[in-house]
Amino acid sequence: MSVPIPSPADRPRGLAALEQRARFELDCLAYPARDWVPPRTYQGAPVHDAVVVGGGQSGVTIAFRLKREGVANVRVLDRNPAGLEGPWVTFARMHTLRTPKTVTGPDLGVASLTVRAWWEAQHGARSWDELGKIPREAWHDYLMWVRRVAGINLTNKAEVTDIEPLENGLFAVGATIDGRGETLIARNVVLATGIEGCGTWSVPPMIADALPRASYAHTADAIDFAALAGKRVAVLGAGASAFDNAAMALEAGAASVDLFARRREMPTANPNRWMEFAGFLRHFGDLDDGRKWRFMKRIFDVNQPPPQDTFERCAWFADFALHLGAPLEEVAPNAGGGVRLTVPGATHDVDFLIVGTGFAVDLARRPELARFAGEIALWRDKYQPPAGEAHAVLSGFPYLGDRFQFTEKEPGSAPFLKNVFSYTFAAMPSLAGSAGISALKFGSERLTFGVTRNLFVEDADAHLAALLAYDEPELDVAAAYRRVVPADALSDS
């Protein structure tokens with residue numbers, strides 16, 4: 001489903017009125033309105049209170065919330081060209097969001113900034129009532145609208161390549177911005193780098209080592225689906241993105257699509273839907289490690305199925321085949337320039353392979369973290385599960401603090417980590433934050449308070465000095481008496 005959204009230059013009067021109302025509501029809620037962080041410089045360069053890496057829904061929401069908390073000296077960087085921030089118009093290939101349409105988050109509790117208000121201002125209340133789920137392209141346009149109304153500035157084509165801890169609790173954030181090297185100085189760094197922000201998209205070595213790069217693609221890659229018309233396509237994996245890409249190939253006219261999955265049967269229950277209640281999303285991070293582990297082990301073990309409509313996108317085609325219990329045993333180029341896949345009991349020759357095997361959690365593979373990745377505590381460093389509850393994947397996730405901050409593997413060895421925050425899928429075991437939409441309302445609040453806590457505590461002496469020097473008169477006793485007591489009476493007394 002795709003609903004055309006008017007461009008900013010052609011916004012209907014309803015949307016213009018909504019923007020005016022949203023700005024009014026923001027003004028009503030602005031208390032206390034003043035910026036309160038003392039400005040700093042480092043070797044003559046301005047110091048940012050925070051640098052947010054990533055300008056998608058998470059990065060913009062965090063920057064917006066910081067602004068609402070009186071922290072405006074924030075720089076938001078995104079590696080993509082303008083208009084392509086986040087996955088929604090790049091590698092996300094579902095028709096609609098998987099999240100219920102009633103989700104909130106980027107609005108920060110301002111009713112006029114909700115996606116429902118935005119939709120109804122353009123299409124009417126009846127259209128909203130009839131809408132099943134939000135089209136992904138519409139969600140992208142909504143996020144762009146919120147960013148503009150909230151006044152969040154963003155620097156595009158900005159790839160962060162290094163974070164170097166400096167003295168005095170500062171960081172040198174190295175980036176390539178529009179092809180030029182630049183260094184930003186920051187007191188806090190927030191990584192809002194998406195699902196893959198805790199490592200990298202994963203292609204099994206048996207595929208990467210055996211095949212020429214032109215014969216396969218990851219589901220997160222840019223794929224020319226039109227070029228697959230008339231081709232035999234294989235998809236590896238059984239997650240939602242694997243089915244999305246299979247559907248795209250089928251809809252583009254692929255001759256056949258075979259989807260191979262290791263699991264013997266498809267899961268039917270989705271633990272992500274179970275998680276969608278305020279108690280869990282807000283307070284999971286307040287549990288002890290043992291309970292966190294048991295919750296997350298269950299969620300990771302069950303996994304989640306593709307949504308019904310996503311599955312049906314594929315099942316509708318007679319040329320789609322689902323192979324369960326079919327782990328990849330061997331892969332090699334075939335004589336026709338395509339790919340030969342061997343699974344238990346069968347060999348398949350295809351023209352192109354799409355790999356939907358997710359991502360690998362490995363902080364050392366993130367260039368921005370490579371300098372100190374070895375100093376970051378992982379779950380295996382802080383928690384040993386009871387017998388029978390081990391989980392190799394969970395144990396490799398970073399062990400985050402209460403506000404999404406990295407923690408030290410060795411206490412006292414890297415105190416700067418409290419000022420580096422990871423709002424990525426890395427946060428799932430520690431705080432149930434997955435860089436998705438459902439938890440954004442709660443996670444952005446928790447993380448923002450971590451940044452503001454750092455800023456205030458680190459400047460507490462400066463604030464105390466300012467209080468001790470504060471001498472702005474508020475009461476003028478003599479002026480009050482002049483208003484209520486005759487002048488001759490004051491002179492006689």
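Predicted model: local features only at pLDDT ≥ 70, side-chain atom pairs only at ≥ 80, totals over all residues.

Me: Why is N168 called exposed?

Reply: Its relative accessibility is 60%. Exposed means over 50%. So N168 counts as exposed. N168 lies in the loop between strand 5 (158-165) and strand 6 (171-177).

Me: What makes W201 and F359 an edge-to-face pair?

Reply: Take the distance, then the angle. The ring centres are 6.1 Å apart, and rings pair if their centres lie within 6.5 Å. The planes stand at 80°, and over 60 degrees counts as edge-to-face. So the W201 and F359 pair is edge-to-face.

Me: How do you know that this pair links distant parts of the chain?

Reply: W201 is in strand 9 and F359 is in strand 18. They are 158 residues apart.

Me: Are W201 and F359 buried, exposed or partly exposed, and why?

Reply: W201 has a relative accessible area of 26%. F359 has 24%. Buried is under 20%, exposed is over 50%, and partly exposed is in between. So both W201 and F359 are partly exposed.

Me: What is the type of the F404 and Y423 pair, and what makes it so?

Reply: The F404 and Y423 rings are 5.0 Å apart, centre to centre. F404 is in the loop between helix 13 (392-395) and strand 19 (420-424), and Y423 is in strand 19.

Me: Why are F404 and Y423 called buried?

Reply: F404 has a relative accessible area of 1%, and so does Y423. Buried means under 20%. Therefore both F404 and Y423 are buried.

Me: How many aromatic pairs are there, and which residues do ring pairs link into a cluster?

Reply: The count is 27 aromatic pairs. F91, W201, F300, F359, F397 and F425 are linked into a cluster.

Me: How do you know that the charged end of K101 sits over the ring of W128?

Reply: The charged end of K101 is 4.9 Å from the ring centre of W128. The distance limit is 6 Å. The charge must also lie within 35 degrees of the ring normal, and K101 is listed as sitting over the ring.

Me: How many cavities does the search find, and what lines the largest cavity?

Reply: The search finds 1 cavity of 30 Å³ or more. The largest cavity holds about 110 Å³ of space. Its lining has 6 nonpolar, 6 polar and 2 charged residues. Helix 5 gives the most, with 5 residues.

Key: Residues numbered from 1 in each chain as written. Heavy atoms only, no water. 1 Å grid on protein atoms, 1.4 Å probe; cavity = no way out; pocket = protein on both sides within 12 Å on 5 of 7 lines; lining within 4 Å. Points joined across faces, edges and corners; volume = space filled by probe spheres on them. Helix = DSSP H or I, 4+ residues; strand = E, 2+ residues; numbered from the N terminus. Nonpolar A, V, L, I, M, F, W, Y, C, P; charged D, E, K, R; others polar. Buried < 20%, exposed > 50% of the residue type's maximum accessible area, 1.4 Å probe, protein only. Phe/Tyr/Trp six-rings, centres within 6.5 Å; stacked < 30°, edge-to-face > 60°.
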